[in-house]
There are 2 protein chains.
Amino acid sequence: MARTVDVPALVAQAREGRPRAVARLVSLVEDAHPALREVMAALAPHGGRAHVIGLTGSPGVGKSTTTSALVTAFRARGQRVGVLAVDPSSPFSGGALLGDRIRMQDHALDPGVYIRSMATRGHLGGLSWAAPQALRVLDAAGCDVVLVETVGVGQSEVEVAAMADTTVVLLAPGMGDGIQAAKAGILEVGDVFVVNKADRDGADATVRDLRTMLSLDGGRAPGDWRPSVERTVASRGEGLDDLLAALDKHREWLGEDGRLRARRVRRAADEVEAIAVTALRERIGDLRAGERGSALEALAGRVVDGGTDPYAAADELVAAVTT
Amino acid sequence: MARTVDVPALVAQAREGRPRAVARLVSLVEDAHPALREVMAALAPHGGRAHVIGLTGSPGVGKSTTTSALVTAFRARGQRVGVLAVDPSSPFSGGALLGDRIRMQDHALDPGVYIRSMATRGHLGGLSWAAPQALRVLDAAGCDVVLVETVGVGQSEVEVAAMADTTVVLLAPGMGDGIQAAKAGILEVGDVFVVNKADRDGADATVRDLRTMLSLDGGRAPGDWRPSVERTVASRGEGLDDLLAALDKHREWLGEDGRLRARRVRRAADEVEAIAVTALRERIGDLRAGERGSALEALAGRVVDGGTDPYAAADELVAAVTT
């Protein structure tokens, strides 16, 4: 039996900014606890305030350092910040441990900062299914900004972009970085580009390459957002003001003409669709659970005996789960 | 508009052994032609006769050569043979071309042999969704044996095993082959193991390693099939009689105690389930097609506005497609 959870009390405490309540709610999400649906229902009226900023980029470009510097900058403005660090390569998750993310410890004692790392539990090369739900917890808990940081491994950039209001793509100086960016398809998803470690050799070339490629990107119409390219040395806090200004500008642009809402509606539609498909799949799975003598088994037997074909049998199966 | 197809006539011709009719039916399957369902319904009463033999193994072990040698051997017995060559790495498919499968040309003019290559059309690392349906065509066309040959790339071995009555795993002498087999999980799926190129150095060691690992495999109960290890030099036809005997023996074992039927029912259940899930997913997709103002969009809007949560919205979506 699952432990009983007082969801209304937990949500009330989280909204008061109690870190333990926030942590407990995220754990319920991660564990797909039976109370998950009640949690989501209780959070629903309290979301939509936070500016969700996704950060992505290859290993070594300084994502954690940049995230930490952004936390400092947002805190200096008095804003509450949530950090969701998603590691698609790690099977470990949950809790307060952020592995070698040493710099994050600067914020470990700050009650205005929630930090949470999540693994992807074998979800193919991308964000955990639980990440959008964890985002809702941090949002409802009163974060003004939620930073979603992920290691850039192919698909995950695109998934970060699908979750975020604003997507930041980080690069570091080095041969072919720009070309790699183009290959990985991140030119399309980035709202703000950051060349971090801009004190290193090759930074100018990387910035120039990136600007050229962005200006060549023919998919933009007048009125579309034009991504900016910022230079930072996150470890020393250099360039952070400009980066913050770029993020604010994008947030402002989103606020015009209902763009933010349209983006979020698209995102919610994806999420609702994924949950619905999973639910339907589970219904079919339930039909199978009885093993021999089950409805699906009987249908399959008729296919094998030539009494029906797989498509007609699938129609019957669909009818069985939908009526 | 799709071209009208006279399905009953095609199926009748295919059952008379007319190669063009067989080829046309497989093409309809591959193209997911609107007549696909009618084709499947027409084939249903005529299936279940063929012994489906899957062949898998790493590139270079001699799969095509072995397949060709088996075709010769089955033809010498007067049996009709179908060959389905599935190449998960190739985006090309269909038609009579088998690329560099030169040896297959030995059989190109034999009316008792149908050869067909299929690609996987981007299906993740495995067999085409169309392969089981193509199998039904060859089966209904009166093939006594259907050989399904696939390049062994991870997942595909397991998928071949899921399609086949008898799964043949091929290896060639070489350091670590046995260990690779164990790693790839093919010890579990193989009913008959073949060490091909058995005239080469190291063949004895490979056979010995394989036998040892198979005897250590603790998952078998008394009465379970005990996989045999055969040695062949397929290019010279050596060892083919023993391999054929092993295949016959497995087919015979399957025929006892309803094993064959149980295997095929499990296979059909997987197939029916996959078709049903796809159909349900398409229904949800249809709901989305209307873009703005569509049902899903409206639901997503309520999620964004805090009027409902994603799970409750998904319930509504499921209800919308199931009633």
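Mentor: Happy to; we will look at confidence, then helix packing, then an aromatic pair. Keep in mind that this is a predicted model.

Trainee: Let's begin with confidence. What is the average pLDDT of chain A?

Mentor: The general idea comes first: where pLDDT is low, the predicted coordinates should not be read in detail. Here, chain A averages 81, and 79% of its residues score at least 70.

Trainee: Where in chain A is confidence lowest, and where is it highest?

Mentor: The lowest is helix 7 (residues 177–184) of chain A, with a mean of 58. At the other end of the scale is helix 10 (residues 240–255) of chain A, at 96. Also look at residues 90–102 of chain A, where pLDDT stays under 50; the model gives that stretch 21 contacts beyond four places in sequence. Residues 122–127 of chain A are below 50 too, with 16 contacts beyond near neighbours in sequence.

Trainee: Now the helices. How do helix 1 and helix 2 of chain B cross?

Mentor: Two packed helices are described by the angle between their axes and the distance between the axes. For helix 1 (residues 7–15) and helix 2 (residues 19–30) of chain B, the axes come within 8 Å and cross at roughly 130°. These two helices of chain B are therefore oblique to each other, and the crossing is left-handed.

Trainee: Which residues of helix 1 of chain B meet helix 2 of chain B?

Mentor: From helix 1 of chain B, they are L10(B), V11(B), Q13(B) and A14(B). Their partners in helix 2 of chain B are A21(B), V22(B), R24(B), L25(B) and L28(B). By type, this contact has 7 nonpolar residues, 1 polar and 1 charged.

Trainee: And how are helix 12 and helix 13 of chain B arranged?

Mentor: The axes of helix 12 (residues 295–304) and helix 13 (residues 310–322) of chain B come within 9 Å and cross at roughly 160°. An angle over 145 degrees counts as roughly antiparallel, so that is the term for helix 12 and helix 13 of chain B. Their crossing is right-handed. L296(B), L299(B), R302(B) and V303(B) in helix 12 meet P310(B), A313(B), E316(B) and L317(B) in helix 13. This contact divides into 6 nonpolar, no polar and 2 charged residues.

Trainee: Last one: how many aromatic pairs are there over all chains?

Mentor: A pair of aromatic rings is described by the distance of the centres and the angle of the planes. The whole structure has 2 such pairs. One of them, W225(A) with W253(A), is tilted, at 5.7 Å centre to centre and 50° between the planes. The pair links distant parts of the chain, 28 residues apart: W225(A) sits in the loop between helix 9 (203–216) and strand 7 (228–231) of chain A, and W253(A) in helix 10 of chain A.

Terms used: Residues numbered from 1 in each chain as written. Chains lettered and ligands numbered in written order. Predicted model: local features only at pLDDT ≥ 70, side-chain atom pairs only at ≥ 80, totals over all residues. Heavy atoms only, no water. Axes fitted to C-alpha atoms, helices over the stretch in contact; angles between N-to-C directions. Helix = DSSP H or I, 4+ residues; strand = E, 2+ residues; numbered from the N terminus. Parallel < 35°, antiparallel > 145°, perpendicular 65-115°, else oblique. Left-handed = near helix turned anticlockwise from the far one by under 90°. Contact = heavy atoms within 4.5 Å. Nonpolar A, V, L, I, M, F, W, Y, C, P; charged D, E, K, R; others polar. pLDDT = per-residue confidence, 0-100. Phe/Tyr/Trp six-rings, centres within 6.5 Å; stacked < 30°, edge-to-face > 60°.
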